[in-house]
Amino acid sequence: MARPPILYRADFEKSMTLLHGVPLALALLDVDHFKNLNDTLGHTEGDRVLRQVERLLTGSLPAGSYVARLGGDEYAAILPESAAETALILFDEIIKHFQMNRDPDWPRTLSLSVGLASRPAHAESPLELQRAADAALYRAKMEGRGRACIYVESKMVLKSNYYPKSQLERLSKLAAALERTEASLLREALDELVEKHRGAL
């Protein structure tokens with residue numbers, strides 16, 4: 001069976017639009033400590049890591065799935081007609097396979113973190129669905145990385161609940177311009193804030 005192509009961000013967003021109303025699971029994922037690998041082993045090794053991630057995703061996801069590289073080490077996958085719980089089992093296997101088959105020269109901290117959300121359970125619109133998956137990805141990071149998490153509404157608040165619409169629109173435009181996820185930009189801002197006020201901790 002032919003592997004699905006790796007989509008770019010624009011094609012990924014178009015696919016989300018074309019799948020309007022279709023039940024699906026959305027996964028957002030990235031490579032933990034990827035910048036550290038690039039800094040220590042170089043971009044050639046970083047590219048090898050990304051190729052392995054792409055082969056693993058396109059070879060492991062069910063037929064009819066979409067895989068996209070959003071930018072850097074950030075990827076998205078759409079699984080039509082799948083529940084988040086089904087996707088969780090699948091991505092748990094993908095994470096374990098990546099950890100067991102990585103190059104021994106790569107740092108042991110290198111792993112995959114995945115955030116999952118589904119329609120209609122967690123959100124309806126593509127943007128809110130992505131924000132829910134972003135929140136789940138953030139939770140995966142906070143719980144220790146190298147894992148997949150499903151969005152849990154009772155434990156998390158969507159950004160739309162506490163940011164003005166104008167700020168969210170600017171954040172969305174910036175993420176698209178930089179080819180990054182909104183969550184990664186917010187994590188970067190949070191890291192800078194903590195570093196700035198480290199003396200108060």
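Student: How many salt bridges does the structure hold?

Tutor: This is a predicted model, and the structure in it holds nine salt bridges.

Student: What makes the pair Lys141 and Asp32 a salt bridge?

Tutor: The closest N and O atoms of Lys141 and Asp32 are 2.5 Å apart, and a salt bridge needs a side-chain nitrogen of Lys or Arg within 4 Å of a carboxyl oxygen of Asp or Glu, so the pair counts as one. The pair links distant parts of the chain, with Lys141 in helix 5 (residues 126-142) and Asp32 in strand 2 (residues 24-32), 109 residues apart. Both Lys141 and Asp32 are buried.

Student: Why is Glu45 called buried?

Tutor: Glu45 has a relative accessibility of 18%, and buried means under 20%, so Glu45 counts as buried.

Student: Why is Arg48 called partly exposed, then?

Tutor: The relative accessibility of Arg48 is 30%, while the range for partly exposed lies between the 20% limit for buried and the 50% limit for exposed, so Arg48 counts as partly exposed. Glu45 and Arg48 form a salt bridge, their closest N and O atoms being 2.8 Å apart, and both lie in helix 3 (residues 43-60), three residues apart, which is about one turn of the helix.

Student: How do you know that Arg139 and Glu143 meet in a salt bridge?

Tutor: The distance from N to O between the side chains of Arg139 and Glu143 is 2.9 Å, and the cut-off is within 4 Å, so the two side chains meet the definition of a salt bridge. Glu143 has a relative accessible area of 39%, which falls between 20% and 50%, and therefore Glu143 is partly exposed.

Student: Which residues lie nearest the centre of the largest pocket?

Tutor: Of the 23 residues that line the largest pocket, Asp30, Asp73, Lys141, Arg145 and Arg187 lie nearest its centre, and about 620 Å³ of space lies in this pocket. Strand 2, helix 2 (34-41), helix 5 and helix 7 (182-196) are the elements that give two or more residues to the lining, and helix 7 gives the most, with five residues.

Student: What does the lining of the largest pocket have by class?

Tutor: The lining of the largest pocket has 12 charged residues, together with six nonpolar and five polar ones.

Methods: Residues are numbered from 1 along each chain as its sequence is written. This is a predicted model: local features need pLDDT of at least 70, side-chain atom pairs count only at pLDDT 80 or more; totals for chains, interfaces and linings use all residues. Side-chain values use heavy atoms; hydrogens and water are left out. Helices (H or I, at least four residues) and strands (E, at least two) are DSSP runs, numbered from the N terminus. Buried means under 20% relative accessible area, exposed over 50%, partly exposed in between (1.4 Å probe, protein chains only). On a 1 Å grid over the protein atoms alone, a cavity is a set of points where a 1.4 Å probe fits but cannot get out, and a pocket is an open set with protein on both sides within 12 Å along at least five of seven lines; lining residues have an atom within 4 Å of a point. Grid points are joined across faces, edges and corners, and a volume is the space filled by probe spheres set on the points. Ala, Val, Leu, Ile, Met, Phe, Trp, Tyr, Cys and Pro count as nonpolar, Asp, Glu, Lys and Arg as charged, and the others, Gly among them, as polar.
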